[in-house]
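Subject: structure handover

Hi,

Here is the structure I promised to pass on.

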Amino acid sequence: MNQKLITSPIPQLVKQQREFFRTEQTQSLSFRLEQLTKLKQAIVDRQEAIVRAAKADLGRPAFEAYFEIATLGEINLALKQLKNWVKPQRVKSPIDQFPAAAWIQPDPLGVVLIIGPWNYPFQLIISPLVGAIAAGNCAILKPSEHAPETSRVVAELIAATFDPDYVAVAEGDVNVSQQLLAEKFDHIFFTGGTAVGRIVMAAAAQHLTPVTLELGGKSPCIVDGNIHLDRAAKRIAWGKFINTGQTCIAPDYLLVQRQIKPDLVDRIKYHIKEFYGADPAKSPDYGRIIHRQHFDRLIACLDRGEIVLGGEYNPADRYLAPTLIDGVTWDDPVMQEEIFGPILPILTYDTLEDAISQVNARPKPLALYFFSQDRDRQEQILRTTSSGGVCINDTVMQVGVNALPFGGVGESGMGSYHGKASFNTFSHFKSVLRREFWLDLGWRYAPYTAQGLAQIKKIVTG
Ligand code: NAD
């Protein structure tokens, strides 16, 4: 295995990758497939290490650590489909261009930067890497410093699998991130908060580097009625409290039709107890908050409203119980920014139009959840709201369909990935027109003639 360590400072590393990219080795389909196969094997070999790291960083149960390893699904899909994705696409050229051929050819971008967050610290670095490799790029990865064990596993895995001139990891904090952002890349793929997303985009603008921003926001969960109440409650509780609520597409808050609120809240309470027992602090299936600053921010959210379940916490191990808060208003701290933790505020509405206008008065969310079996109301939600994605009658599960591009809109981000969308994100679709010399109709050249004028009139006006 290749254990070449990265000793080069960042500008040197970028230069080396650029030189490697120019060798054209990353261009061939066979090279890309070989690298994806190596990456797959490296992940399979390190399952235990990934699970241990997720436990150390986030108190994650092994079951949920496998959400990280699920990135294998992205690799498998790319291995199967890449030969189709790389194919140039023939397009029709107009008759006046005859003889000619026109096509769209996916080109690698070059050297790309991938910056990741701490909440799914393995998957959110490796999954974009799959797209970068599939599309024929070199890549530098910057995992989050707040998940140090996972960062170490990523660094070891990449160093053991790839030459740093091709794929390398730059571990570290904001300083490292800023040093990287000072360099010119061909694409920056950033997953993290909206505030840092703005910083990344401003830095990228200096080099006119395109960005994909996978950001967060407050994803509403609208529960309208005409549902299987118990299953809805169970699915909401699951999506909210996996990874201790630290999921970018977790339902941030409940917006529930007034009449069904008491029953729904009862069933959510029931399922939380079923999942984590009477004392979730003792459950092996319930994680912890990533770091103290984030923990303190969450505790400050408990000040207002009526806690109807949970609310217990322990700073020593950054434990915060699954918590439901009723009687919340939009002015309360918990509704001011993305919660990103195990607190579910409950708001009510009377008419669906009222719920929609509450959602539309805020920045466009990453995900929107709608519970109702009524097809007309589902249609109404799809027509009148804007969000990165929508999942009807469940939560979080949309991320598991890799044929669905994953990404935000407005303040929840720009661009998307997963499946073919990842390949597209890391490719430039180059337009090519090829002419031949054996025919050269003269009507387009000066001096212009009446015949030429008649010809162009015909072409332009049809
Ligand atoms: P963050 O924005 O604080 O950090 C993300 C990365 O940016 C880290 O690697 C960090 O080192 C780097 N960074 C931090 N400050 C920086 C700065 N000033 N300049 C340059 N780089 C900087 O995000 P986080 O706290 O790690 O993750 C939580 C956020 O990520 C939430 O808002 C969540 O919704 C979002 N998120 C989005 C997705 C998605 O797919 N859309 C997935 C997971 C998390």
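Does Glu24 count as buried or exposed, judged by its relative accessibility? At 55% relative accessibility, Glu24 counts as exposed, where exposed means over 50% relative accessible area, buried under 20% and partly exposed in between, computed with a 1.4 Å probe on protein chains only. Before the rest, some housekeeping. This is a predicted model, in which local features need pLDDT of at least 70 and side-chain atom pairs count only at pLDDT 80 or more, while totals for chains, interfaces and linings use all residues. Residues are numbered from 1 along each chain as its sequence is written, and side-chain values use heavy atoms, with hydrogens and water left out.

**Overall**

The chain has 462 residues, of which 51% count as buried. Its secondary structure comes to 16 helices and 18 strands; both are DSSP runs numbered from the N terminus, helices being H or I with at least four residues and strands E with at least two. Along the principal axes, the C-alpha atoms fill a box of roughly 85 × 60 × 40 Å. Take the contacts (heavy atoms within 4.5 Å) between residues at least 6 apart in sequence: 71% of them join residues at least 24 apart.

Most residues other than glycine have a negative phi, and most peptide bonds are trans. Back to Glu24, then: it is not a glycine, yet its phi is positive, about 70°. Glu24 sits in the loop between α1 (10–22) and α2 (29–45). Val396 also has a positive phi, near 65°, and is found in the loop between β16 (389–392) and β17 (413–414). Val396 counts as buried, with 6% relative accessibility.

There are cis peptide bonds to look at too. One runs from Phe98 to Pro99, with omega near 0°; Pro99 lies in the loop between β1 (89–91) and β2 (100–108). Another joins Ala446 and Pro447, with omega about -5°, and Pro447 is in the loop between β18 (427–435) and α16 (450–461).

**Pocket and cavities**

All of this was done on a 1 Å grid over the protein atoms alone: a cavity is a set of points where a 1.4 Å probe fits but cannot get out, a pocket is an open set with protein on both sides within 12 Å along at least five of seven lines, and lining residues have an atom within 4 Å of a point. Grid points are joined across faces, edges and corners, and a volume is the space filled by probe spheres set on the points.

The largest pocket has a volume of about 1,300 Å³. Its lining has 46 residues, and the closest to the pocket centre are Gly192, Gly193, Thr194, Ala195 and Val196. Two or more lining residues come from each of α8, β6, α9 and α12 (292–300). By class, the lining splits into 18 nonpolar, 17 polar and eleven charged residues; here Ala, Val, Leu, Ile, Met, Phe, Trp, Tyr, Cys and Pro count as nonpolar, Asp, Glu, Lys and Arg as charged, and the others, Gly among them, as polar.

A search of the whole structure also gives two cavities of 30 Å³ or more. The largest cavity holds about 50 Å³, and its lining includes Gly217, Lys240, Asp252 and Glu338. Gly217 is in the loop between β7 and β8 (220–223), and it touches Asp252 and Glu338, leaving aside residues up to four places away in sequence. The second largest cavity has about 30 Å³, with α5 (72–85), α6 (123–134) and α15 (420–425) each supplying at least two lining residues.

**Helix α9**

One of the elements lining the pocket is α9. This helix (residues 194–206) has 13 residues and reaches 19 Å from first C-alpha to last, close to the 18 Å expected at 1.5 Å a residue, the expected span being 1.5 Å times one less than the number of residues. Its buried residues are Gly197, Val200, Ala203 and Ala204. They line one face of α9, because seen down the axis they fall within an arc of 125° (the arc of the directions from the helix axis to the C-beta atoms). They pack against α8 (174–182), β6 (187–191) and β7 (211–214). The face turned away from the buried side carries the exposed residues Ala195, Arg198 and Gln206.

Cheers
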